[in-house]
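I opened this notebook to keep track of what I looked up in one model. The entries follow the order in which I went through the topics.

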Amino acid sequence: MVSRRGPRRIAIISVHTSPLDQPGTGDAGGMNVYMVEVARRLAARGTEVEMFTRAVCRDTPPQAELAPGVTVHSVPAGPFEELDKYSLPAQVCPFTVEVLRAEAAAEAGRYDLVHSHYWLSGKVGAAVAGRWGVPLVQSMHTLGAVKNASLAAGDTAEPAERIRGEHEVVAAADRLIANTDEEAGQLARYYSAAPRQVRTVNPGVSLSVFKPGPAPAGAADRARLGIRPDAVVLTFAGRVQPLKGPDVFLKTAARLVAEDPSLRDRLVPVMVGGPSGNASRADPDRMRQMASALGIGDIVRFEPPCPQEELAAWYRASDLVLTPSHSESFGLVALEAQACGTPVVAAAVGGLTTAVRDGYSGVLVDGHSPATWASAVRDLIAEPRRIAALAAGAVRHASAFGWSATVDGLTAVYTGAMEEAAAGVGA
């Protein structure tokens with residue numbers, strides 16, 4: 001149960017993406033999974049959770065129960081349509097007004113704490129937490145300055161407005177949640193976050209959903225998904241956007257086939273996900289065109305975003321999951337795949353260096369050269385025993401990242417922030 005000094009009820013702010021959205025499309029991704037899993041477990045422990053997000057459809061009910069003790073408020077702010085994240089800053093003020101209006105209609109002292117996700121939500125969180133006189137806990141999830149330092153080819157730099165906004169949110173937050181120690185360092189290096197503000201709490205994985213299947217590994221899932229037992233299955237999962245490196249995935253597959261034409265009959269590259277961001281650069285149709293141009297259009301399977309249970313089946317059916325991201329605050333896809341017993345080949349960037357244990361649960365690759373990636377993958381698929389050893393290590397590694405541990409850490413952060421506020425301690 002929650003400590004008696006911990007929060008009775010918290011407000012979670014997510015302006016640009018709804019907890020109700022399907023991860024893997026639009027702007028919904030690992031952050032959505034994070035918010036939902038944490039909220040459910042907090043509520044199960046006795047902390048009521050109210051989540052505020054922007055309404056994008058007139059027919060969306062103002063309130064919806066996500067789980068017992070978890071309510072999602074869809075707040076009208078701007079047009080009832082999906083807006084690009086670059087258009088959303090103009091809606092921060094009307095969104096803030098509506099959140100304040102909702103609280104004003106309730107009993108005084110309704111919330112003990114605000115936890116905002118992403119910098120846009122942090123702008124709202126800073127305003128409402130200040131008005132309510134409660135602590136602000138902020139999770140950035142991604143950092144504009146870090147993304148700009150490692151842009152994918154052809155991607156657009158994050159605007160100065162975002163960088164300024166992130167600095168303002170960091171200055172306002174009572175606590176900053178970093179997914180990894182590396183992110184904690186980035187908050188200090190790029191945004192001058194004070195050590196007293198920052199706490200590292202690793203995200204988790206739903207170990208009851210993402211788990212190995214019956215022996216032989218992946219056989220039942222391959223049969224259900226229509227994949228040959230002897231196929232070599234490489235999977236990319238997540239939002240299809242330049243940042244995630246879907247082009248690196250396709251070029252790696254093409255290079256494998258070019259270097260070993262006999263592999264064409266067995267290689268099955270799978271892309272599970274939907275478009276995100278600027279659709280002209282990396283949507284699935286564009287990826288289909290790229291696959292055709294690379295000469296592998298006939299062997300790539302493009303699959304839409306899917307529920308967690310189906311995604312777990314894709315992971316289990318795979319020999320390897322590839323995550324060639326250019327920047328990643330953590331990398332839930334990598335953790336989910338490993339929990340299913342599938343080794344991961346990941347870019348040695350950001351949180352992926354924590355999510356994947358190099359040489360034990362997968363392999364970390366420096367850079368994004370398709371030649372380097374193809375070499376790493378080729379070496380693995382040539383050694384089934386090594387893949388089997390990594391698969392066993394993957395399950396052990398992922399088992400240390402359950403969501404319960406995440407919620408333990410967050411609850412401690414919440415309680416500390418509340419006690420500090422009550423004592424009048426702070427900046």
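Below are my entries, grouped by topic.

**Ground rules**

I am working with a predicted model, in which local features need pLDDT of at least 70, side-chain atom pairs count only at pLDDT 80 or more, and totals for chains, interfaces and linings use all residues. I number residues from 1 along each chain as its sequence is written, and side-chain values use heavy atoms, with hydrogens and water left out.

**Cysteines**

I looked for disulfides, meaning pairs of cysteine sulfur atoms within 2.5 Å. I found zero disulfides in the structure. Cysteine 306 is in no disulfide, and the nearest cysteine sulfur, which belongs to cysteine 340, is 11 Å away. I then checked accessibility, where buried means under 20% relative accessible area, exposed means over 50%, and partly exposed lies in between (1.4 Å probe, protein chains only). Cysteine 306 has 8% relative accessibility and counts as buried. Cysteine 57 is partly exposed, at a relative accessible area of 32%.

**Two helices in contact**

I took helices and strands as DSSP runs numbered from the N terminus (helices H or I, at least four residues; strands E, at least two). How do helix α1 and helix α16 pack? Helix α1 covers residues 30-44 and helix α16 covers residues 403-422. Their axes are 10 Å apart and the angle is about 75°. The axes are lines fitted to C-alpha atoms, for helices over the stretch in contact, and angles run from 0 to 180 degrees between N-to-C directions. I therefore noted α1 and α16 as roughly perpendicular to each other. The scale I used counts angles under 35 degrees as roughly parallel, over 145 as roughly antiparallel, 65 to 115 as roughly perpendicular and the rest as oblique.

I listed the residues in contact, which means heavy atoms within 4.5 Å. On the α1 side they are Val33, Tyr34, Glu37, Val38, Arg41 and Leu42. On the α16 side they are Trp403, Ser404, Thr406, Val407, Leu410, Thr411 and Tyr414. By class, the contact of α1 with α16 has eight nonpolar, three polar and two charged residues. In this sorting Ala, Val, Leu, Ile, Met, Phe, Trp, Tyr, Cys and Pro count as nonpolar, Asp, Glu, Lys and Arg as charged, and the others, Gly among them, as polar.

**Salt bridges**

Side chains of opposite charge can pair when their charged atoms come close. I counted a salt bridge where a side-chain nitrogen of Lys or Arg is within 4 Å of a carboxyl oxygen of Asp or Glu. The search of the whole structure gave 26 salt bridges.

I looked up arginine 101 with glutamate 98, whose closest N and O atoms are 3.3 Å apart. The two are three residues apart in helix α2 (residues 92-104), so about one helical turn separates them. Arginine 101 is exposed at 52% relative accessibility, and glutamate 98 is partly exposed at 24%.

Next I took arginine 162 and glutamate 158, with closest N and O atoms 3.0 Å apart. Arginine 162 is buried at 1% relative accessible area, and glutamate 158 is buried at 10%.

Which parts does the pair of glutamate 328 and lysine 244 tie together? The salt bridge itself has its closest N and O atoms 2.9 Å apart. Glutamate 328 lies in the loop between β12 (320-323) and α12 (332-339), and lysine 244 in the loop between β9 (232-237) and α8 (246-259), so the pair links parts 84 residues apart in sequence. Both residues are buried.

I also noted a network of salt bridges that links Arg9, Glu48, Glu50, Glu107 and Arg110.

**Leucine 256**

I found leucine 256 in helix α8, buried at 2% relative accessibility. Leaving aside neighbours within four places in sequence, leucine 256 is in contact with Leu234, Leu263, Ala374, Val377 and Arg378.

**Backbone**

Most residues other than glycine have a negative phi, and most peptide bonds are trans. I looked for departures from this. A cis peptide bond joins alanine 215 and proline 216, with omega about -5°. Proline 216 lies in the loop between β8 (198-200) and α7 (219-225).

Tyrosine 118 is not a glycine, yet has a positive phi of about 85°. I located tyrosine 118 in the loop between β5 (113-117) and α3 (119-132), buried at 4% relative accessible area. Histidine 141, also not a glycine, has a positive phi of about 70°. Histidine 141 is in the loop between β6 (136-139) and α4 (144-148) and is buried at 9%.
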